[in-house]
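Here is a short report on packing and contacts in a model. Have the sequence and coordinates at hand while reading.

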Amino acid sequence: MIKKRSSFKIFLAVQHALFLRELSMRFSSGRMGMFWTFFEPFFQIFIFVLIKMALFGSSENSFDFAVFLALNFTAFNMFKNIVIKSTASFKANKALFLYKQVKPIDTIIARTMVEVFITSIIILIFLFLGFYFDFDMQVEDLTMVSLGFLWLIVFAFAFSLVVAVVNAFIDSIGKLLGFLMTGLMFASAVFYSMNRLPIEVQNLLMYNPVANFMEMIHGYYFETLDDRLVSYNYIFLWTIILLYMGLWLYIKLEKRIISI
Amino acid sequence: MIKLDRVTKYFRTKTGKKYILKDVSMVIPSDKNIGILGRNGTGKSTIMRMLGQIEFPNRGKITSDKSFSWPLGLSGGFVGNMTGRANVKFVCRLYGKSKKEIDEIINYVKDFSELNDYFDMPIKTYSSGMKSRLSFGLSLSFDFDYLLIDETLSVGDANFRKKSKMALMKKIENCHVLLVSHDMGTLRDICDVGIVVNNGKIHYFDDINRAIDEYASINK
């Protein structure tokens, strides 16, 4: 007979299975999909370096602009992909809820982990290329940069949980999200640093929590930038409220999500 | 033992709530093969899935200390881009099987399903009969207290049907079934007790023949 397992053991087994499944789905869904995953950040960096050269010529920054872009796009793409992939995961994995140990939230956790894994590979590729081509990749405070990334993962998870639950009942939300993400990128200090902008614009844009994360991450990465515009209380509140709201909605609606 | 405690289940339709169960309390004793009977659309499958705890009542509680399989012969959880082998591995991992156990299950399923080379090809190249064979073999290779079966005893060609029925009969010597079927012969062969579903009520009979008689009288 099936042996009784503790719920944590079941959770680990389910995560292990889902993680490998998601990964092999990603690798097997046509070579273009995988290629684009790894090529996208290079493409983004290339475009924005070109734009900058066209607008400002090769005016010297106090830091390497390509490294700046690589850092920011890695973080922002991770956020974007966690949200977009997780949002669709209830419907995409509906058939799996027939295995009663698979709970809808498991699929979001697994997809988040897959994105984190892919991001780590991209970081490794960037590091390798950076050392090989001798870019200036000096980090001011590695611990705080890592903390920024970890916090961003939690924030992205909380955000996608809320959106995923809502999306399970209101279809159009997910479709809107892809469109909103492009706008969010422009408002999130991804290819510029906040301190270059006028004060009024700064004040407005810093209401965007993702911009706070970006400022935190590149503020601690580069000696010449800082995190003085970041409000840690503000993003802490966002994280806690989204997490609470997401889990509360999820617990209320889990059984209905299983039988959508 | 499966215990239902004031269970209510309904679906919302345009004309109002359609009840499948209305405030039902009962206890189904252990060690019985259970047949579920009822006309189309009365909610037999839903009740089977609720007893197997993959669907939930709107009110009330269903509890049991037994383990239940997924609905037998179901191929919805397979990923088209992955091979039969990879899909089997996935389900094994869900149940926390060790590497050795996974190898054993893979060999069994490969052997049972007679898919040969197709076993290592993506599921999207399978015919529906081949998919059912794979999932049927997979269901049989796990040890549950209860197997959930939803009218899927007839998969594949005549040869495979015979083989799968035999394998199933051998399997249920060691476990029990929750069977939804319209085929009275199968119900008589396999089940000990019966549940008849009708108009938001269910009737439990501790003899399958009496359940079949009741079902016949409903159909008059």
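## Helix packing, cores and chain contact

In chain A, Val163(A), Val166(A) and Asn167(A) of helix 6 meet Ile173(A), Gly174(A) and Leu177(A) of helix 7. Contact means C-beta atoms, placed from the backbone, within 7 Å. Helices (H or I, at least four residues) and strands (E, at least two) are DSSP runs, numbered from the N terminus. This is a predicted model: local features need pLDDT of at least 70, side-chain atom pairs count only at pLDDT 80 or more, and totals for chains, interfaces and linings use all residues. Residues are numbered from 1 along each chain as its sequence is written, while chains are lettered from A and ligands numbered from 1 in the order in which they are written.

The axes of helix 6 of chain A and helix 7 (residues 172–186) of chain A come within 7 Å and cross at roughly 135 degrees. Helix 6 of chain A is therefore oblique to helix 7 of chain A.

The largest nonpolar core has 49 residues. Such a core joins buried Ala, Val, Leu, Ile, Met, Phe, Trp, Tyr and Cys residues through C-beta atoms within 7 Å; buried means 20 or more other C-beta atoms within 10 Å of the residue's own. Helix 6 of chain A gives the most to this core, with 14 residues. Another core, apart from it, includes Phe136(B) and Val196(B).

| Item | Residues |
|---|---|
| Largest nonpolar core | 49 residues |
| Another core | 38 residues |

The contact between the chains takes 22 residues from chain B and 25 residues from chain A. Helix 2 of chain B supplies the largest share of the chain B side, four residues.

Notes
Two residues are in contact if their C-beta atoms, placed from the backbone, lie within 7 Å. A residue is buried if 20 or more other C-beta atoms lie within 10 Å of its own, exposed if 12 or fewer, and partly exposed in between; C-beta atoms are placed from the backbone. Axes are lines fitted to C-alpha atoms, for helices over the stretch in contact, and angles run from 0 to 180 degrees between N-to-C directions. Angles under 35 degrees count as roughly parallel, over 145 as roughly antiparallel, 65 to 115 as roughly perpendicular and the rest as oblique.
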